[in-house]
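Welcome! Take a look at the structure, then try each task before reading on.

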Amino acid sequence: MRPDRSVRLRAKVPTTRNRSGTVQRMDERYERGRQRFLEIHDEKALRTVEGLGDLGHQIVSFVYGELYTGPALSDRDRELGAVVALTALGRSSQLPQHLRAALKAGLSEAELREAIMLTATMAGFPPAMNATATLKSVLAERTRTAEDPP
């Protein structure tokens with residue numbers, strides 16, 4: 001029999017120094033994600049996500065601390081992608097927040113309606129109908145908010 005020449009990897013136990021460095025990097029990523037989240041959404045949405053405990057921490061750290069800070073896409077492009085994906089998947093609970101963020105990022109009502117309609121051709125009419133109703137509600141909410149005196 002031939003001897004096993006494969007490389008065996010041994011897990012290194014993080015030292016206190018490495019562990020604190022990792023924690024520091026995670027805290028920096030979380031703070032970067034939190035700041036980025038607030039640029040895109042609002043305090044109410046942040047409180048909702050942070051209320052999810054560890055899951056919320058991971059969303060803020062990874063999604064907003066890493067993915068939403070990348071240089072290749074604009075906020076407008078990211079939110080258009082989010083609206084299309086959430087529409088296609090029928091994720092109506094997250095859709096209002098991303099429709100608000102899409103409008104804030106510069107997408108127009110007409111662009112959002114067209115994106116939803118285009119999504120219907122791939123994902124079907126029922127999710128597009130739900131997304132259209134959600135967009136209508138978000139737009140009505142914006143109108144009410146704009147009409148309310150400060």
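**Exercise 1.** With which residue does Glu66 form a salt bridge?

*Solution.* Keep in mind that this model is predicted.
- Step 1: The partner of Glu66 is Arg32, and the closest N and O atoms are 3.0 Å apart.
- Step 2: Glu66 sits in the loop between α3 (54-64) and α4 (75-89), while Arg32 belongs to helix α1 (residues 16-40), so the pair ties together parts that are 34 residues apart in sequence.
- Step 3: Glu66 has 35% relative accessibility and counts as partly exposed; Arg32, at 36%, is also partly exposed.

**Exercise 2.** Is Arg78 buried or exposed? Find its salt-bridge partner too.

*Solution.* 
- Step 1: Arg78 meets Asp75 in a salt bridge, at 3.7 Å from N to O.
- Step 2: Both residues lie in helix α4, three residues apart, which is about one turn of the helix.
- Step 3: Buried means under 20% relative accessible area. Arg78 has 10% relative accessibility, so Arg78 counts as buried.
- Step 4: Asp75, at 28%, counts as partly exposed.

**Exercise 3.** Which helices hold Arg100 and Glu141?

*Solution.* 
- Step 1: Arg100 and Glu141 form a salt bridge whose closest N and O atoms are 2.7 Å apart.
- Step 2: This pair links distant parts of the chain, with Arg100 in helix α5 (residues 95-104) and Glu141 in helix α7 (residues 125-147), 41 residues apart.
- Step 3: Arg100 is partly exposed at 27%, and Glu141 is partly exposed at 28%.
- Step 4: Elsewhere, salt bridges with shared partners join Arg36, Glu39, Asp75 and Arg78 into one network.

How values were computed: Residues are numbered from 1 along each chain as its sequence is written. This is a predicted model: local features need pLDDT of at least 70, side-chain atom pairs count only at pLDDT 80 or more; totals for chains, interfaces and linings use all residues. Side-chain values use heavy atoms; hydrogens and water are left out. A salt bridge is a side-chain nitrogen of Lys or Arg within 4 Å of a carboxyl oxygen of Asp or Glu. Helices (H or I, at least four residues) and strands (E, at least two) are DSSP runs, numbered from the N terminus. Buried means under 20% relative accessible area, exposed over 50%, partly exposed in between (1.4 Å probe, protein chains only).
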